[in-house]
Every structure is written in C-alpha cells, then in structure tokens.
Amino acid sequence: MLTLEEKISRAETRIFKAVFPNTTNHYDTLFGGTTLHMMDEVAFITATRFSRLKMVTVSSDKVDFTHPIPGGTLVELIGRVEHVGNTSLKVRVELFVEQMYSEDRHRAVSGLFTFVAIDEHKRPVRILGPDTATT
C-alpha cells in the first residue's frame with residue numbers, strides 16, 4: 001500500500017522542450033498561450049499519473065510569468081501534486097528556462113491547475129481509494 005506522499009512523489013512529471021521559432025511571438029519570446037498549453041499538458045499528465053483516473057482541468061490559478069522565455073532556449077516543465085481533495089486535486093507547474101549553450105537556468109513561470117476526476121458519465125468520482133494510506 002502506497003502512502004499519499006509516495007503517490008505524490010511518483011506522480012512528479014518533468015518534460016523538456018526546445019523553444020523553436022514557430023512557438024515565438026514578434027518579440028522572439030514564447031507565446032503566453034503556448035506556455036499555458038504546455039503547462040496544462042504537464043499538469044494533466046501529473047494528475048493522471050497520481051490518480052490513474054480520467055481527469056479534466058477545471059481551473060488555472062495565478063499563473064505568474066516572471067521572466068521572458070526567448071526563442072532558442074530549452075524549457076523544463078515540472079508538475080507536482082500540491083493538494084488532494086475528495087474528487088479534485090491541485091497541481092503546481094513550474095517552468096524553468098535554460099540557455100542551450102550555458103549553465104544559465106532560472107524559473108520563468110509558475111501556476112496552479114485544478115483537476116476533477118470523472119467517471120464515464122462525466123460525474124465526479126473519489127480520487128483516493130482504499131489502497132492509499134493517508135497517514
């Protein structure tokens with residue numbers, strides 16, 4: 001039987017992507033919408049890996065863009081489960097930007113995404129089953 005902390009640890013998701021010209025705007029930085037798309041995808045994968053249930057995004061809270069993401073850089077997106085409720089969970093996604101040819105790396109974006117587990121009729125279902133220890 002896995003503890004809640006073990007399930008959270010196992011669900012952490014890391015994805016790397018290159019910022020190519022087709023994803024940048026006229027300032028040669030990553031489009032905000034593309035950034036949100038990548039973050040929601042990582043959050044969805046994290047939520048699904050944690051719950052192993054059908055998950056849908058219900059909200060994104062306070063996405064902070066603190067640094068531009070230039071074209072020609074690498075980004076790492078890290079998703080971590082931050083809170084587990086009865087039928088919903090919250091995933092924090094952080095996006096780090098790295099220069100391709102140096103060790104320079106810093107956090108550029110952070111956001112919180114909320115998901116709900118649903119059944120085949122699209123009704124909310126419990127996330128934690130009897131096989132998860134919550135202590």
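Mentor: Gladly, and let's begin with the sheet. It is an open sheet of five strands in the order β2-β4-β5-β6-β3, with antiparallel pairing. The model is predicted: local features need pLDDT of at least 70, side-chain atom pairs count only at pLDDT 80 or more, and totals for chains, interfaces and linings use all residues. Residues are numbered from 1 along each chain as its sequence is written, and side-chain values use heavy atoms, with hydrogens and water left out.

Trainee: What makes β2 and β3 the edge strands?

Mentor: Each of them pairs on one side only. Neighbouring strands in this sheet are turned by 25° against each other on average, with direction ignored.

Trainee: How do you know that β2 and β4 pair?

Mentor: Two strands pair if DSSP finds at least two bridges between them. Strand β2 (residues 13-18) is joined to strand β4 (residues 73-84) by six bridges, so the pair qualifies, and the two run antiparallel. Threonine 13, for instance, stands opposite glycine 79 in β4. Strands themselves are DSSP runs of E with at least two residues, helices are runs of H or I with at least four, and both are numbered from the N terminus.

Trainee: What lies between β4 and β5?

Mentor: The two form a hairpin with three residues between them, and asparagine 86 has its place in that loop.

Trainee: Why is asparagine 86 called exposed?

Mentor: Buried means under 20% relative accessible area, exposed over 50%, and partly exposed in between (1.4 Å probe, protein chains only). Asparagine 86 has 52%, so it counts as exposed. Asparagine 86 still touches Val125, Arg126 and Ile127, not counting residues up to four places away in sequence; contact means heavy atoms within 4.5 Å.

Trainee: What about arginine 52 and lysine 122: buried or exposed?

Mentor: Arginine 52 has a relative accessible area of 64% and is exposed; it lies in the loop between α2 and β3 (54-65). Lysine 122, at 68%, is exposed and lies in the loop between β6 (105-118) and β7 (132-133). Arginine 52 has a positive phi of about 55° although it is not a glycine, and phi of lysine 122, another residue other than glycine, is near 65°.

Trainee: Why is α1 called oblique to α2?

Mentor: Two packed helices are described by the angle between their axes and the distance between the axes. Helix α1 (residues 4-11) and helix α2 (residues 32-51) pack at about 140°, with axes 8 Å apart. Angles under 35 degrees count as roughly parallel, over 145 as roughly antiparallel, 65 to 115 as roughly perpendicular and the rest as oblique. The angle of about 140° falls in the rest, so α1 is oblique to α2.

Trainee: Which residues make that contact?

Mentor: On α1 they are Leu4, Lys7, Ile8, Arg10 and Ala11, and on α2 Thr46, Arg49 and Phe50. By class, there are four nonpolar, one polar and three charged residues. Nonpolar covers Ala, Val, Leu, Ile, Met, Phe, Trp, Tyr, Cys and Pro, charged covers Asp, Glu, Lys and Arg, and the others, Gly among them, count as polar.

Conventions: Axes fitted to C-alpha atoms, helices over the stretch in contact; angles between N-to-C directions.
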